[in-house]
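My entries follow in the order I made them.

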Amino acid sequence: MKHRISRRAFLNGCTLLAAAAAVGSLTSCGGKEAKDSGLAQLVVGSDTYPPYIYLNNDGVPTGIDVEIATEAFRRMGYAARFETIDWEQKTNLVESGAIDCIWGCFSMDGREEVYRWAGPYMVSRQVVAVDADSSIRSLSDLAGKTIAVQSTGKPEEIFLSGSDPRIPQTVEVLSIENRSVQYAMLACGYVDGIAAHETGILQYMKDNAVDFRILEEPLLVTGLGIAFARNDTRGLDSQLTDTLAQMRADGTLERIIGRYLENAAQYLEVDTIGA
């Protein structure tokens, strides 16, 4: 049986839980600061994904990617302004010029020819998480189970393509636009598992005192990058790649990541991707 997909989930009370977990919006956040800096603005399109980008208690965008973007673009002579986007429309938005780049825990794998890329600047593991008491111990145990993924994300592509021999063909896949909803679906027992970036799952568990169990076998180990439109000829992608390399060499990246994640150095081992 091929993977099946449902783009609308009947969440009942879980919808409220997900909404509470995703309170706030990043739309136009950082605009005043960018304007006051006197630097030319670059609009960064993203969505909420702690610990990479989210609103702090003062309603200000923060997180790993926010700090890295702010410092990197400052070194390049720009000010970053963060805009919440419909993640499913990210390609259209960057190609139309509505945003300058896509930045928010964005996997480069398989998308190398779709955008101009800066990076990779971090390593990320795409993983499957289940309830702590679940009998699912490996990817092969997902046969006949239901798993939630974010629509247009890398896990969705992996599960729906049927190209990974480790994944049974009888998995039912629910594609969800709001990634916060997939966490709530697992917490409420609507699905047997979720697939996402490991750091995002760990952050959700920490913030919401939820006990999920992450399968040891990763779906994918990938590099995170910043995507610019293929028709963008400003050279920002190569300039940003060079700037990120400088920030890695001078310890800035490790210091920023270390404020959010333990063992920050392991996330900078981008040269080992695919090894």
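**A buried aspartate**

I began with Asp 237, which I found in helix 8, residues 236-249. The model I am reading is a predicted one.

Which side chain of opposite charge is nearest to Asp 237? I found Arg 116, at 4.3 Å. A salt bridge needs a side-chain nitrogen within 4 Å of a carboxyl oxygen, so I noted Asp 237 as buried yet without a salt bridge.

I then listed what Asp 237 touches, not counting residues up to four places away in sequence. The list holds Arg 116, Trp 117, Ala 118 and Phe 228.

**The chain as a whole**

I next took the totals. The secondary structure comes to nine helices and twelve strands. The chain has 275 residues, and 51% of them are buried. I also looked up contacts between residues at least 6 apart in sequence: 78% of these join residues at least 24 apart.

**The cavity**

How many cavities of 30 Å³ or more does a search of the whole structure find? I recorded one. The space in the largest cavity is about 170 Å³. Its lining has 18 residues, and those closest to the centre are Gln 150, Gly 153, Lys 154, Arg 179 and His 197.

I sorted the lining of the largest cavity by class and got seven nonpolar, eight polar and three charged residues. Four elements each supply at least two lining residues: strand 6 (101-107), helix 5 (154-161), helix 6 (179-187) and strand 10 (193-197). Strand 6 gives the most, with four residues.

**Gln 150**

I picked Gln 150 from the residues closest to the cavity centre. Gln 150 lies in strand 8, residues 146-150. Is Gln 150 buried or exposed? I read a relative accessible area of 9% for Gln 150, and the cut-off for buried is under 20%, so Gln 150 is buried.

Leaving aside neighbours within four places in sequence, I found Gln 150 in contact with Asp 47, Trp 87, Glu 156, Ile 176, Glu 177, Arg 179 and Gln 182. Of these contacts, Arg 179 is also among the residues closest to the cavity centre.

**Helix 5**

I ended with helix 5, where Lys 154, Pro 155, Glu 156, Ile 158 and Phe 159 are buried. Glu 156 was already in my contact list for Gln 150, and Lys 154 in my list for the cavity centre. Just after helix 5, I noted that Gly 162 takes a positive phi of about 70 degrees.

Note on methods. Residues numbered from 1 in each chain as written. Predicted model: local features only at pLDDT ≥ 70, side-chain atom pairs only at ≥ 80, totals over all residues. Heavy atoms only, no water. 1 Å grid on protein atoms, 1.4 Å probe; cavity = no way out; pocket = protein on both sides within 12 Å on 5 of 7 lines; lining within 4 Å. Points joined across faces, edges and corners; volume = space filled by probe spheres on them. Nonpolar A, V, L, I, M, F, W, Y, C, P; charged D, E, K, R; others polar. Buried < 20%, exposed > 50% of the residue type's maximum accessible area, 1.4 Å probe, protein only. Lys, Arg positive; Asp, Glu negative; His and termini not counted. Contact = heavy atoms within 4.5 Å.
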